[in-house]
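Welcome! Please take a moment to look over the sequence and the 3D view, and then we will walk through a few parts together.

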Amino acid sequence: MVIYGNSGVLATKKAKGIVAKEQLAPRDAVFVYDETERHPTNIVAVYVFDATGAEPVDTAALRDWARARLGFAPLFQRRLRRVPLDLDLPYWVPDPAFDIAEHVVAGPSGADWDTVRARLAEITTARMDLTRPPWQIQVFDRVRAVPEIPGEATVVALKFHHSACDGVATRELELELFGGREAPAAPTANRWSRSAAGLRAAALFPYRIGRFAMGLSRTRAANATARARIEAGLLHEPAPVRPATRFNRAIGPTILIEQVFLPLPEVTALRDRSAERVTVNDVMLTVVSGALAAYLDEKGETPPEGLAAMVPMSMRGIAQWDSANQLCQMTVDLHTGHRDPRARLAAIRESVRRERRRNSDPAVLRHAARVETAPAWLLRVAGRARAHRSFTDLSSVPLHNTTISNVPPLGAGLTFRGAPVLRAFGVLPPMDGDGLRHLISAQGEEIVLTISVDKAMMPDPDRYRELLRESFRELVEALG
């Protein structure tokens, strides 16, 4: 249930490689076509380093540090270019005007955690300028009062556009960025011509349409096979709609970030004490489920039916996808109607297992492959249709009410200019229809649950934070 994928644009470069043009895969291009001001598609990873005894970070030193690591990924020197009329998928092309000053910023030094947290919310929700390489590093030095971290810390925020990477690619890159090595910028090659790309797209247009028609035929057959397996009880489909909550409306201008820290040994002990085999993710889904149900109960908004979460699932080792993003979206029933934590954990475990089985089924995979042959203009039209959807006065929403994701554990021994890492976490940008999102990360002996939420939907995130802790304690007591 983690955001996994291949390295894609973030791939570590070979020693004598060059930064060359590359066309996006359809699954990656969707993140370009779907993006709006109210639907940002960013990945934000945040690292907290021990500032004790470290040299102060100034802008010049920070940019020298980053410049010495540009060669670790072609993303750092490539920008996105779209084909005329979107007749074909966009390209990553070398940026001849690349300026590191546009991507690496030293934030105010000596700020407190609340100030930095507010700035992280702004970074997470701000759309990236895709006329430049879609990445940003912002560093806040000598940050005071970071929760559960004594002394001052250096906070590094690493931001990418989702079309370029997913969670595993980010984890792979951070091993390079914070591993102590350097990799000077690689040379660029393969100049890109928009007019030539347009002519090529026009020439290939009949082929693309024919390929799309053949793909539709194959995916219809695959869908029929999948439906037969569902009717036979071999696969289980999630409920197509869920009751809308306050979090399934249009988002406002202010996003809040809250965090809950749980001891990893206690979470794994819960896993081990369960009568059935469960995972840490099952435990965390159960914790969120209990808190979400309790919060809505306190507001007098208990939903008439159970809620569900979108939970990204890794497709590595399951499907061979030629894309930077190799994930599918599971719809996991949170069983918010279960008041007994033990029963809720068992039910969520079964829902996760069913969704993993369904999304790994060959027929379902063949049906999902329809995106691979979809023409660029159709992906763009679909993205625009989603962007204009209204979230006013909804009584129900498709599939899920919130997002609960996690990322792989951080590598060991990472440093920033000699300072050791103390914590790593990610932040998901809320969007219209999904105004409450959760991201789970593990580092050392702690699990960090980071909540990003629209302020109008949850004006009291500190109460939700406490309900998450209470839900965890209730599960501990239920499992003895």
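## A residue at the end of a strand

Let's start with Gln443, which belongs to strand 16 (residues 436-443). Keep in mind that this is a predicted model. Is Gln443 buried or exposed? Its relative accessibility is 13%, and buried means under 20%, so Gln443 counts as buried.

What does Gln443 touch, if we leave aside its neighbours within four places in sequence? Its contacts are Leu410, Val421, Leu422, Arg423 and Ala424.

Now look at strand 17, which covers residues 446-454. This strand is mostly covered, with 9 of its 9 residues buried. Glu446, Val448, Thr450, Ser452 and Asp454 point one way from strand 17, while Ile447, Leu449, Ile451 and Val453 point the other way. All of these residues are buried.

How does strand 16 pair with strand 17? The two are antiparallel, and 8 bridges link them. You can find one of these pairings at His438, whose bridge partner in strand 17 is Ile451. Strand 16 and strand 17 form a hairpin with 2 residues between the strands. There, Gly444 has a positive phi near 65°.

Strand 17 also pairs with strand 9 (residues 255-263), again running antiparallel, through 9 bridges.

The crossing of helix 1 and helix 11 is right-handed.

Which residues make this contact? Helix 1 supplies Pro26, Val30 and Tyr33, and helix 11 supplies Ala376, Leu379, Arg380, Gly383, Arg384 and Arg386. Sorted by type, the residues of this contact are 5 nonpolar, 1 polar and 3 charged.

Our last stop is Val364, found in helix 9 (residues 362-368). With a relative accessible area of 16%, Val364 is buried. Not counting residues up to four places away in sequence, Val364 touches Ala226, Leu235, Arg358 and Asn359.

How far apart are the C-alpha atoms of Val364 and Ala456? They are separated by 38 Å, and the two residues lie 92 residues apart along the chain.

Technical notes
Residues numbered from 1 in each chain as written. Predicted model: local features only at pLDDT ≥ 70, side-chain atom pairs only at ≥ 80, totals over all residues. Heavy atoms only, no water. Left-handed = near helix turned anticlockwise from the far one by under 90°. Helix = DSSP H or I, 4+ residues; strand = E, 2+ residues; numbered from the N terminus. Contact = heavy atoms within 4.5 Å. Nonpolar A, V, L, I, M, F, W, Y, C, P; charged D, E, K, R; others polar. Buried < 20%, exposed > 50% of the residue type's maximum accessible area, 1.4 Å probe, protein only. Pairing = 2+ DSSP bridges.
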